[in-house]
Amino acid sequence: MLLLYALHRLLGPRGRRWLIALVTFVAGLFYGLEYFYPAKGNPSANFLTKWIEPVSIMFSVIGFFTVGLGVYSLCHVHGRNVARRRPGWHNSLAFFLSMIAMLVFAVWEHYLHLPEPPPAVLPWPKGVYEVLFNGLFAPLQAATFSLLAFYIASAAYRAFRIRSAEAALMMGAAFIVMLGQVPVGMWLTSAIPASGPTAFFRLEKLGEWVMNWLNTPAQRGITFGIAVGAMAMSLRVWLSLERGTFFSEQA
Amino acid sequence: MNPEIYVLWAAVIATLAVYSILYRENPVSRLFEHVFVGLSAGYMLAITWTQNLEGRWWNPMVHQRLWYWIFAPVVGALFYLIYSRRLVWLARLVMGLFFGTAAGTFFREFFPLYSPQLYRSFKPLVASRSVGWGEVILHNWIFVVILFTVMSYFFFSIPHEGRAGRVLARTSLLGRWFLMIAFGAMFGNTVMARLSLFIGRVQYLLYDWIGRYVPWVLHRGM
Amino acid sequence: MEQRPPSDLWQRLQQVPRHYIYLLLSGVIVWQLLAPIRLPILPSPPTRGVYDAIRAVPAGKLIVISTDWDASTQAETGPQTRAVLEACFQAGKPFALMNLASPMGAKLGNDIAVEVGKEYHAEYGMVWCNWGYKAGFTNVLLAMARNIPKTMGQDFYGKPVAALHMMQKVRTIRDVGLVIEITGLANMTEAWVGLIQGPYRIPFAAAYTAVMAPGYYQFLDSGQLEGMLVGAKGAAEMESLVNRPGAGTAIMSAQSWAHVLIIALIIFGNLGFVLTRAREKGRER
Amino acid sequence: MGTLLHANWFMTALFGGMSAVIVASVLLAQRGRAMFIRRIPGLSGIEEAVGRATEMGKPIFFSPGLDGISIVTLQALAILSHIVRLAAERMTRIIVGICDPTVLPVAEESVRETYDSVGRAEAYRPEDVRFISDQQFAYALGSVGLMTREQTATSFYFGLFFAEALILTENGRALGALQVAGCPEPTQIPFFIATCDYVVIGDEYYAASAYLTREPTLTGSLVGQDIVKAVLLALMLAGIVLVSVLGPAAHLGQNFLVDLLAQGR
């Protein structure tokens, strides 16, 4: 605390910028060097290896303290809705009630230390938690996820038009793969013998071929580009080469 | 207390409220949207404590008397200085720590992530004792051609002019077409997985909910 | 009333409102779950591999079925388990259930076995048994290779495993003719292959959720897996092999008809698109 | 095949060499070397999209994806600040929906600073950079609700997205929003293509900020990246020739180039 205060008083803008760059560099160097510095033994290790785990835990613990930032932002927005009785404020109230209920009962349930398997008659806080988690949270999650079935159907209907060569190619590949996965598709080409040179044209085989030999290399091509892009971005951040809004430190 | 029946009805109402959004956004779906966000926030706070901070920070600090853990919240608190005009640079200091970590972590991941992809792309282009020409062309040649043309699409600093540039323009156009084939295949491959999710929900509504009161439904499709 | 020109239909085919699509899709799925139209299901080689492996277990050897799944993947793993148990009962091969990953799976698997067992008049402890949930899976695997009754201790119902009639001649992993892992969890296969299938050459087969299955084709390729069931599709194929259409078949017919619906929608949309465009071109001339 | 716990000498040399090329190219560009970048199709849509929101007098929605503070998210924030600059000049409101709490302060800071830099500090509204939820689907539902209530005319999705992507874009499309998306991971690109007006694919995502800002650091980096990609292509070509001559390497010790890449320390 004192150290931070001293730094704040002593350092000018340039000194601060320099310190931030240094901290960034050291943090990156630690993780990078541990990987690239020659290592010996089985499992292999070097002088930094034993620090990786504690340092990672430390960073993740520090990261967990940022949880308040998100909750603060939520409470800020919804708190104002409630305080000013804005339209739909009862929804914001529902937000607060469900947040507090979940927080209280999830922690309470944790400290009940119930045995596994749980007793036939549950203590009531555990019961409330069950309703909150398995009755609301999990189904809301599952139902939202399953909306995708509808969206994928309507997106397919709209997007797969032979407007251009690109759209037609996309549609063709999607057709083959979709049909290759379901009994209907297999049934369509079941007249083709399952072995021999023509077996390739059975829809399930064709679909597999499209996935393995057309999809995989294209994805891999994308992946290499991304790898190099991410590598360059990492280098720029690590060495504080980045300029532009957030990085032009005018501290 | 046996919560089973409450869980069932709560789950059914929540599910139907979410599906009502398919018709359009409405007061009920809006209410459940806020409940969902609230439950997630509460759950996030709860597991941050019960599954992370308690075991990794509080217990070591209090029970094992590792006093230095007291500094973790101090460093974490620096993030909150983002709201202060004067002290914002301290927030940047701790963010710099995290940026550095993100970069360093990527350096570590580079070979574990990408070197298998590199050497698995070494596909022989000639037939061998175990693999015939048909398969080599149908698999390996196509694989290599797609990989190279797709990568050529992602060259940004070479103008598509001049003799070499025109070649690149051709291969990158071809690459874009292969990309579209791949995207179509990925789309088609995902349809089944997404339908499964909905089928799972319908099964819940039919068998667990309606089937509880109408046994006929329970016996169908079983 | 004025009759609409046919071209309007083509235009409307191009712009089916999304609400109709949603309604059609849910209609098809509910209908297929309540009254499935059974399509011929052709077992794929990986599924046939599991079936053949079960039938190939020599007399006097035991099948071990590890039900390492819980409610979250029940829609797929439940029908898979049922179909696998049907195959064992039909082939007359004795089997033991066990569970290495979640206590819930031990109960859910047991419920299915009790139900299916009744249909085949199979008595607990004679044809099948359940070793229950055993925590610490690497250590359990290492130990059961040498001594099964001692490692398992008590069964699902709390009785000593060694006292069960069917366990009288079972000592080590050498008395096991096949292991079947049913799971939605990664790493289980690697442990079985690394500790049991590899060192002792015990045939090994598996049933996976559709999401994780693609990662395991390579084990099939290398012969470490005798066969595998892929999601609900694998369950449906197994059900067709044992001639007992069930939940897997219902899910797959729902899948099939939903796919047909989506493909039909795309085709109609394109038909409308092409025909409208042809008409417009005609006009321009 | 092999263990990759630590790098071997070949990996260190390869990685060091590739890094040196990129850094050198960045430094050259910073010292004023002119460098070319070709047009990136998906990005031309950004200005059109901002312009449309201005015309309609409705706000813009921006999502930086689901990831925490990572390389992908930092890039999304760089694109965000470009969009904020465009929007601020045209007096158009922009709402940012955040999924990861650690991203929130960085995004706030970046947005506030951009408003400052165009001299419109008063236009910054703290509640417009908003945490929605850290749970994937609560985030999706919350964002959809936000877009519907605010009647956004334009949506941008830049960052790491997973299954929730289609929930966001399909609802955005139903609202009639003009949508621009970019994601480095290929898995969600098919759905973006199906539902968005402009899509930035794969590596274009990293080229985006260079193309938008023409900042020498970024263009220089892009040139370096192209050289590195050429190196990787050459490496693969060498590998393909080797296995064609020597036969495929199924185990260690059959092909030295495969061993160098597969067998770390």
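**From an interface to an enclosed helix**

In this predicted model, eight residue pairs, both members at pLDDT 80 or more, are found in polar contact across the interface of chain A and chain C. Across the interface of chain A and chain C, the search for salt bridges returns zero. On the side of chain A that touches chain C, the elements that give two or more residues are helix H6 (124-159), H7 and helix H8 (183-188) of chain A. The most is given by H6(A), with seven residues. By residue class, the side of chain A that touches chain C divides into 17 nonpolar, three polar and four charged residues.

The size of an interface is often given as the accessible area lost when the parts come together. Between chain A and chain C about 2,500 Å² is buried, and 77% of it lies on carbon and sulfur atoms. Chain A brings 24 residues to this contact, while chain C brings 32 residues.

Chain A itself is built from nine helices and zero strands, so that, read from the N terminus on, its elements run α-α-α-α-α-α-α-α-α. The radius of gyration of chain A is 28 Å, whereas a compact globule of 251 residues would have one near 18 Å. Taken along the principal axes, the C-alpha atoms of chain A fill a box of roughly 80 × 60 × 50 Å. Of the 251 residues in chain A, 53% are buried, and among the contacts in chain A between residues at least 6 apart in sequence, 30% join residues at least 24 apart.

Gln181(A) is found in helix H7 (residues 165-181) of chain A. Why does Gln181(A) count as buried? Its relative accessibility is 16%, and the cut-off for buried is under 20%. Leaving aside residues up to four places away in sequence, Gln181(A) touches Met186(A), then Gly188(B), Asn189(B) and Met192(B), and also Lys233(C), Met252(C) and His259(C).

The charged pairs come next. Side chains of opposite charge can pair when their charged atoms come close. Over all chains, a search of the whole structure finds 26 salt bridges. One salt bridge joins the side chains of Arg30(B) and Glu25(B), at 2.5 Å from N to O. In this pair Arg30(B) is partly exposed, with a relative accessible area of 27%, whereas Glu25(B) is buried, with a relative accessible area of 15%.

Another salt bridge, at 3.0 Å from N to O, is formed by the side chains of Glu33(B) and Arg149(D). This pair crosses between chains, running from Glu33(B) in helix H2 (residues 27-62) of chain B to Arg149(D) in helix H5 (residues 136-150) of chain D. Glu33(B) counts as buried at 5% relative accessibility, while Arg149(D), at 34% relative accessibility, counts as partly exposed.

Within chain D, Arg93(D) forms a salt bridge with Asp128(D), and the closest N and O atoms are 2.9 Å apart. The pair links distant parts of the chain, 35 residues apart, since Arg93(D) lies in the loop between helix H3 (71-89) and strand S2 (94-98) of chain D and Asp128(D) in the loop between helix H4 (103-117) and strand S3 (129-131) of chain D. Arg93(D) counts as partly exposed at 26% relative accessibility, and Asp128(D) is buried, with a relative accessible area of 5%. Both belong to a network of salt bridges that links Arg80(A), Arg93(D), Arg125(D), Glu127(D), Asp128(D) and Glu150(D).

The last stop is a helix of chain D. Helix H6 (residues 165-174) of chain D has eight of its 10 residues buried, and is therefore largely enclosed by the rest of the structure. Its buried residues are Ala165(D), Leu166(D), Ile167(D), Leu168(D), Thr169(D), Glu170(D), Asn171(D) and Gly172(D). What do the buried residues of H6(D) pack against? They pack against H6 of chain A and helix H2 (18-34) of chain C, together with H5, strand S4 (154-160), strand S5 (178-183) and helix H7 (189-195) of chain D. Just after H6(D), Gly176(D) takes a positive phi of about 85°.

Technical notes. Residues are numbered from 1 along each chain as its sequence is written. Chains are lettered from A and ligands numbered from 1 in the order in which they are written. This is a predicted model: local features need pLDDT of at least 70, side-chain atom pairs count only at pLDDT 80 or more; totals for chains, interfaces and linings use all residues. Side-chain values use heavy atoms; hydrogens and water are left out. Helices (H or I, at least four residues) and strands (E, at least two) are DSSP runs, numbered from the N terminus. Buried means under 20% relative accessible area, exposed over 50%, partly exposed in between (1.4 Å probe, protein chains only). Contact means heavy atoms within 4.5 Å. Buried area is the accessible area (1.4 Å probe) that two parts lose on being put together, summed over both. A salt bridge is a side-chain nitrogen of Lys or Arg within 4 Å of a carboxyl oxygen of Asp or Glu. A polar contact is a pair of N or O atoms within 3.5 Å; within protein, one must be able to donate a hydrogen and the other to accept it, and residues adjacent in sequence count only if both atoms are side-chain atoms. Ala, Val, Leu, Ile, Met, Phe, Trp, Tyr, Cys and Pro count as nonpolar, Asp, Glu, Lys and Arg as charged, and the others, Gly among them, as polar. The radius of gyration is taken over C-alpha atoms; the globule rule is 2.2 Å times the number of residues to the power 0.38.
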